[in-house]
Amino acid sequence: CLKEAESWKCTPPAKMGMSKLGRYAYSMIDGATANNTFLVWMKLREGYDPNGNYVGITAMQVAVENANADMFLVLLKFGADPKMKTASRSRGAFYASGESPRQMLERLIAETEKEPEKCAEFKRMQSWIEDAAKMEEAAEEMMPRLKKMEEDERAAGMSLAGQLLSVVGLIVITITLLHVMIIMLPDTAHQVMPDDMISHLCLFSPVFMGNSLLQPFPNPSPGTYGYC
């Protein structure tokens, strides 16, 4: 999905039970409610159903309710149906039982005439439904932003992995240096480190690894390989 033409395609979903379908639909609704357009785009590319509903609510209806044109465009581009009607929702919702996203837009355009910015967003969404060419043009303009978000997400993941590797590397280097001290400078090691610590570090000795781990730890005493 790295090529421009493939960025609006999805991976065919595997067969799943009804409970799993419900969880998938809920995660879409949750992403739309949070106005997380990038998350919804990624889920759609993974094969999530753009028309999936949770208790009768679809992500597109939530996008319209939130006046989120970018979210609406992503869902429309992946095949969400603006004519799909919703079930009832709790009191305070902007749409009524049985109202589709398209009907919501018609009503909200009329209701927001005195709010130019919000009304313009609703009109943009409506124009994408009515004119496929406008929708494709808007999707093409939006793609660089989505790709930038994807690159930032990947860079953040690589940064975290790099930090974890640095910590692990530091631990390994520290243990190695302590072990070298035990072997090369046993008297100094005995002065600066507790006896139990020396005994445990001896577990990493190539000499000691040949013995059974069930045997008791060796008593720290100078020998051929320091205190190990």
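Keep in mind that the model is predicted. The ring count comes to 2 aromatic pairs: Tyr-26 with Tyr-54, and Phe-38 with Trp-41.

**The tyrosine pair**
- Tyr-26 and Tyr-54 have ring centres 5.0 Å apart and planes at 65°, so this pair goes down as edge-to-face; the cut-off for that label is over 60 degrees.
- Tyr-26 comes from helix 1 (residues 18-33) and Tyr-54 from strand 1 (residues 53-54), so the contact ties together parts that are 28 residues apart in sequence.

**The Phe-Trp pair**
- Phe-38 and Trp-41 make a tilted pair, at 5.9 Å centre to centre with 50° between the planes.
- Both residues belong to helix 2 (residues 37-45), and because they are 3 residues apart there, about one helical turn separates them.
- What about cover: are Phe-38 and Trp-41 buried or exposed? Phe-38 is buried, and Trp-41 is buried too.

**A charge over the tryptophan**
- Trp-41 has another neighbour in Arg-45, which lies over the face of the ring, 4.4 Å from its centre.

Conventions: Residues are numbered from 1 along each chain as its sequence is written. This is a predicted model: local features need pLDDT of at least 70, side-chain atom pairs count only at pLDDT 80 or more; totals for chains, interfaces and linings use all residues. Side-chain values use heavy atoms; hydrogens and water are left out. Rings of Phe, Tyr and Trp (its six-membered ring) pair if their centres lie within 6.5 Å; planes under 30 degrees apart count as stacked, over 60 as edge-to-face and the rest as tilted. Helices (H or I, at least four residues) and strands (E, at least two) are DSSP runs, numbered from the N terminus. Buried means under 20% relative accessible area, exposed over 50%, partly exposed in between (1.4 Å probe, protein chains only). A charge sits over a ring if NZ of Lys or CZ of Arg is within 6 Å of the ring centre and within 35 degrees of the ring normal.
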